[in-house]
Amino acid sequence: MKELARVLFIDQESKGPDNACRFLQRRGFSVSSIPISLRNEAILKVIEFRKTDVVVINGDLSSEKVLDFLKKLHSLRYSIPCIVVSSVISSIHKMAAFRAGAYDILRHPVSLGRLEKAIRQGLKLRERSAPVLDRPNLQEERDRLLKWNDDLGRLHRLNQSLCESLNLDEVVQSLMMNLKTIVRYDVAWLFVKSGDKVQVYSSRKRSALLLDNLSNETSRSGQAFIETGELPSGAVVLEEGAEIVVPLRVASKKVGLLRLTRNSSDVFNDYESKILGMIATSLSLAVRNAEIHRHVQELAVKDELTALLNRRAFLNAVGREFKRVVRHEMPLALVLIDIDHFKEINDRYGHLIGDQVIRDLAQVLNRSVRDVDTIARYGGDEFVIILPRTNLGEALIAAERIKKTVRTNTFNIDRRPVEITVSMGIAHCPLPQIQSPEDLFRVADQALYTAKKKGRNRIGTPPVPATLVKKETEVSTHA
């Protein structure tokens with residue numbers, strides 16, 4: 001025989017509404033009542049003892065007693081629908097009651113048919129929740145739901161932090177810092193696809209042992225999926241539960257792989273796989289957006305042909321260095337470089353070969369400067385180098401070294417080795433005629449013109465006072 005649904009009236013009177021009780025009993029319900037004057041703890045004990053299915057509160061909706069009870073019942077994660085019957089129903093009171101956990105609110109006096117309908121609708125809702133909230137395991141299920149609620153809050157905060165930056169290093173730092181509050185791990189690895197390469201990030205500092213194992217780790221968990229391997233469709237637990245890998249995708253495009261490991265016997269479970277799967281979407285988007293931003297930033301400052309700084313970025317760098325010259329009275333040198341007879345190369349071999357010569361020369365020049373120097377393609381076949389803390393004598397030594405390196409380097413044109421030479425013009429500070437970055441370029445350009453006019457494969461310098469030349473020759477040579 002099917003067990004009757006249990007309805008508990010919490011009423012102003014101890015006996016409850018007799019008409020409603022008798023009506024519901026005739027309709028197949030088990031009905032009981034208690035006075036609303038009891039303490040909340042006592043009411044909750046009655047609800048638990050009588051295994052109540054639906055609660056009907058017959059009282060004033062504006063009463064703090066009613067709201068306090070609703071909040072208490074809701075905070076304990078009971079699945080019991082609670083119906084309030086009240087003669088005082090304002091929009092403010094209704095909103096407060098629904099926020100406190102009321103299932104339905106009916107105006108007093110209520111028709112018995114309307115009350116029965118509300119009760120049956122509440123029971124249907126409870127039945128849908130029954131498989132999840134099995135009464136024998138109610139406390140365990142409450143704890144699980146509380147943890148799930150807490151984890152959802154942490155997930156929300158993690159997703160927010162991942163979206164706050166377009167810098168990949170900051171995204172990784174935020175991930176490593178917040179992920180451990182949701183899923184415990186000993187080591188986290190993030191493999192990010194950047195072009196045809198894989199960047200590897202780790203939650204640990206890169207010790208000697210870590211560096212020794214880095215190539216193996218990368219090959220096993222990162223590089224393989226780019227070359228020949230296929231990413232799984234979702235989080236996968238490996239190594240008998242000690243490792244979990246989470247693929248990162250945006251649509252069908254692979255963007256990376258998250259790998260977590262544990263050194264203890266505490267293995268990764270299905271719940272953690274589900275959580276990591278939810279993290280994967282926001283992490284994938286954050287990684288993809290950071291990579292796009294990095295690429296756009298590079299396009300804005302890099303020359304497409306040589307990958308050196310472009311003219312605009314270099315002018316900004318020169319402006320910053322010139323301010324240091326003015327502020328701290330430090331020397332500064334600028335070298336303007338032009339390929340000799342480059343037009344003949346283009347005319348004879350075509351612009352594709354000319355572009356290859358420019359690319360090869362850019363690599364030679366880049367290897368010939370110090371880390372503190374800044375090199376850029378200024379335009380066409382012209383390159384420019386800024387040398388901080390460098391006087392004229394030191395700049396001449398550096399320019400001679402570069403000129404010799406270029407002349408002795410083998411450039412292949414149409415599969416034949418060809419000698420390339422460059423002409424160079426130097427400008428430097430302090431110099432009376434140089435009062436701005438524009439003056440620095442103008443003087444270097446004039447010196448370059450002089451070098452070409454004298455026969456090319458030369459270094460031109462601006463005319464300087466004899467006292468300044470004597471002073472600079474006493475300074476140590478260029479590093």
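Let me begin with a term: a residue is called buried under 20% relative accessible area, exposed over 50%, and partly exposed in between, using a 1.4 Å probe and protein chains only. What we are looking at is a predicted model, in which local features need pLDDT of at least 70 and side-chain atom pairs count only at pLDDT 80 or more, while totals for chains, interfaces and linings use all residues. Residues are numbered from 1 along each chain as its sequence is written, and side-chain values use heavy atoms, with hydrogens and water left out.

With that definition, Glu41 counts as partly exposed because its relative accessibility is 41%. Glu41 sits in helix α2, residues 40–49, and its C-alpha atom is 9.0 Å from that of Lys72, 31 residues away along the chain.

For the chain as a whole, 45% of the 479 residues are buried, and there are 15 helices and 17 strands, taken as DSSP runs numbered from the N terminus (H or I, at least four residues, for helices; E, at least two, for strands).

Now to one helix pair. Helix α12, residues 351–368, packs with helix α13, residues 392–408, at an angle of about 140 degrees, their axes being 10 Å apart; axes here are lines fitted to C-alpha atoms, for helices over the stretch in contact, and angles run from 0 to 180 degrees between N-to-C directions. The contact, meaning heavy atoms within 4.5 Å, is made by Leu361, Val364, Leu365 and Ser368 of α12 together with Arg401, Ile402, Thr405 and Val406 of α13.
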